[in-house]
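Colleague: I am new to this one. Please show me how to read it, feature by feature.

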Amino acid sequence: MKILVAIKRVVDHNVRIRVRPDGSGVETTGVRMSMNPFCKHAVEAAVQLSEAGHGDEIVVVSIGPKAANDVILTALAMGAHRGLLIETDAALETLAIAKLLAKVVDEETPDLVLLGKQAVDDDSNHVGQMLAALTNRPQATFASEIKVVGQGLEVTREIDSGRETLALPLPAIVTADLRLNTPRNAALPQVMKARSKPLAVRPVAEFGVDVAPRLVIETISPPPERVAGKTVASVTELAGIIATDLSTMEAL
Amino acid sequence: MSVLLIADVDQGALAPATARVLSAVAGLGPVDVLVLGDDADAAAAEAANLVGTARVLVAKGPVAVDADSDAIVALSSGYHFVVQSAGSVGRDRMPRVAARLDVMPVTDIIQILAPNRFVRPIYAGNALETVRDDQPIHVLTIRASAFRAAATGNAAPVERLDLSMQSAVRLIATHRTPSDTPDLATAQVVVGGGVALGSAENFQLVEKLAKKLGAAIGATRAAVDAGFAPNDWQVGQTGKIIAPDLYIAIGISGALQHLAGIQGAKKIIAINTDPEAPLVKLADVALIGDLFDIVPKLTAELERLGVKR
């Protein structure tokens with residue numbers, strides 16, 4: 001089958017972010033950027049399906065500035081075959097992203113689209129579900145296991161009450177959770193080889209999608225800070241505090 | 001301005017999140033609560049009992065989001081707001097509903113400033129975004145733990161709907177974590193354990209203390225990855241977001257991704273060997289020492305004090 005993986009370049013998840021004092025956003029200049037962790041799990045899942053004989057071609061797409069080529073190269077080094085950067089310097093809303101990806105799905109007609117379940121910058125957790133809606137495909141979000149069974153998939157999802165397994169026909173959309181796999185770190189020869197794999201760059205305008213924002217971001221502010229508390233010396237003292245807290249707690 | 005609230009139903013009962021979402025949105029207009037599922041009668045009765053419910057709409061059928069999101073879209077034409085909790089079902093469903101309506105959703109809302117202005121956390125809660133949504137219909141998910149539950153004592157009318165739902169997806173297995181502890185996302189007291197517990201067996205120290213306190217049990221991603229605790233106990237950016245009155249963190253150093261899940265906690269108590277651990281530094285009360293020594297003694301001391309919930 002043919003697999004399309006959509007990936008996003010974000011502020012590296014280990015960076016402690018700084019909110020700009022003027023409320024205009026989070027400082028991203030001079031900050032280390034990398035592939036969104038959930039997207040890495042999606043790429044790894046595609047490569048593993050391909051290694052198991054289920055993926056004839058893996059196409060990776062990212063939407064963002066020229067620099068997002070980096071994360072496409074990372075995915076190509078991990079084992080994807082071909083890349084596409086839809087170039088824009090604007091921070092697009094998830095609905096616009098999903099519409100652009102729907103155009104790519106029209107062009108590429110993949111059997112399976114894999115995405116990370118959410119991006120760790122805006123924490124939206126929208127795009128896979130929206131793409132499924134726009135392309136009329138079934139969805140399995142928050143996947144912790146993907147099995148190819150016959151002509152379809154069996155996907156185990158992590159949900160609030162535990163896990164559930166869905167059977168879904170292809171073509172389908174699946175979003176990756178963290179326990180799906182352990183993404184590989186590509187070795188240097190693969191990194192070198194990735195540079196010779198095809199990587200197309202196309203401007204957003206070419207897709208004829210209305211990407212104008214629907215929402216207005218008024219401000220971005222830091223969360224209220226917690227003030228440091230006290231250290232107690234003994235278990236007895238701690239137990240006393242807990243007992244008092246419980247007895248004064250408002251009954252729900 | 002009318003609201004369609006989609007209820008969270010778990011094993012035929014109304015999930016605690018729904019009462020909180022109802023109280024969050026009740027100020028926006030009359031709220032119709034939609035209860036979906038094959039055994040929805042008990043949940044519908046519970047929803048009718050919540051103060052703020054104008055009507056309960058009950059529809060039987062498969063609850064697979066590819067099918068029911070289209071049914072919700074068909075139903076949504078009479079409403080200004082389509083809302084669900086930001087639990088795993090709402091997160092799965094509502095972006096699909098929004099895209100069908102050609103609407104940009106606002107999700108994981110922790111504060112409603114006005115009918116068109118909302119606050120939501122980004123970057124794992126390390127920043128808060130205030131957004132204005134001037135679209136004709138608003139598709140929202142609400143973080144239940146950020147709001148108090150609606151009171152009971154209502155008798156809203158219950159109406160049955162016949163929604164045609166055809167799903168391409170088939171549920172073939174569920175793996176529930178057996179538990180007699182309260183719902184983690186809405187619990188008033190939570191006891192959480194980290195990877196320092198060392199094994200699933202040792203994790204029972206956390207479970208025993210939680211039981212003593214009538215608390216829900218949480219875990220860090222590392223503890224879940226290591227197999228010490230089931231996935232649905234995970235608290236953090238990618239797990240559950242909690243906002244209890246009291247959170248007791250045992251052997252948790254406080255990775256950014258975990259802290260994202262506990263920022264709403266009113267009071268945090270940390271038990272840790274490392275006085276410099278990030279979670280110890282932001283805790284209201286900390287006890288420094290070996291958890292294997294402290295936790296059994298603490299459980300026994302609470303027993304001696306006759307603490308009961």
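This is a predicted model: local features need pLDDT of at least 70, side-chain atom pairs count only at pLDDT 80 or more; totals for chains, interfaces and linings use all residues.

Colleague: Let us begin with chain B. How many helices and strands does chain B have?

Modeller: Chain B has nine helices and 18 strands. Its C-alpha atoms fill a box of roughly 60 × 40 × 40 Å along the principal axes.

Colleague: What radius of gyration would a compact globule with 309 residues have, and what does chain B have?

Modeller: A compact globule of 309 residues would come out near 19 Å; chain B has 20 Å, so the two agree. Buried residues make up 58% of chain B. Of the contacts in chain B with a separation of 6 or more, 66% join residues 24 or more positions apart.

Colleague: How should I read a sheet?

Modeller: Start with the pairing. Strands of a sheet pair through backbone hydrogen bonds, either parallel or antiparallel. Then follow the order. Here four strands form an open sheet, E12(A)-E10(B)-E9(B)-E8(B), with antiparallel pairing.

Colleague: Which strands stand at the edges?

Modeller: Strand E12 (215-221) of chain A and strand E8 (111-114) of chain B do. Each has a single partner strand, so one side of each has no neighbour in the sheet. Neighbouring strands are turned by 30° against each other on average, direction ignored.

Colleague: Over how many bridges do E12(A) and E10(B) pair?

Modeller: E12(A) and E10(B) pair over six bridges, in the antiparallel sense. One place to look is Leu215(A), whose bridge partner in E10(B) is Asp133(B). Within chain B, strand E9 (residues 117-122) and strand E10 (residues 127-133) also pair over six bridges, antiparallel. There, Pro121(B) stands opposite Leu128(B).

Colleague: And a helix?

Modeller: Check length and cover. Helix H1 (residues 37-51) of chain A has 15 residues and reaches 21 Å between its first and last C-alpha, close to the 21 Å expected. H1(A) is mostly covered, with twelve of its 15 residues buried. Phe38(A), His41(A) and Leu49(A) are among them. After H1(A) comes Gly53(A), with a positive phi near 90°.

Colleague: What should I look for in the backbone?

Modeller: Exceptions. Most residues other than glycine have a negative phi, and most peptide bonds are trans. Asp123(A) has a positive phi, near 50°. Gln11(B) also has a positive phi, about 50°.

Colleague: Is Asp123(A) buried or exposed?

Modeller: Asp123(A) counts as buried because 21 C-beta neighbours lie inside 10 Å. Asp123(A) sits in the loop between strand E6 (112-116) and helix H4 (127-134) of chain A. Gln11(B) is exposed, with 12 other C-beta atoms within 10 Å. Gln11(B) lies in the loop between strand E2 (9-10) and strand E3 (13-14) of chain B.

Colleague: Which residues does a cis peptide bond join?

Modeller: Leu170(A) and Pro171(A), with omega about 0°. Pro171(A) is in the loop between strand E9 (162-169) and strand E10 (172-176) of chain A.

Notes: Residues are numbered from 1 along each chain as its sequence is written. Chains are lettered from A and ligands numbered from 1 in the order in which they are written. Two strands pair if DSSP finds at least two bridges between them. Helices (H or I, at least four residues) and strands (E, at least two) are DSSP runs, numbered from the N terminus. Axes are lines fitted to C-alpha atoms, for helices over the stretch in contact, and angles run from 0 to 180 degrees between N-to-C directions. A residue is buried if 20 or more other C-beta atoms lie within 10 Å of its own, exposed if 12 or fewer, and partly exposed in between; C-beta atoms are placed from the backbone. The expected span of a helix is 1.5 Å times one less than its number of residues. The radius of gyration is taken over C-alpha atoms; the globule rule is 2.2 Å times the number of residues to the power 0.38. Two residues are in contact if their C-beta atoms, placed from the backbone, lie within 7 Å.
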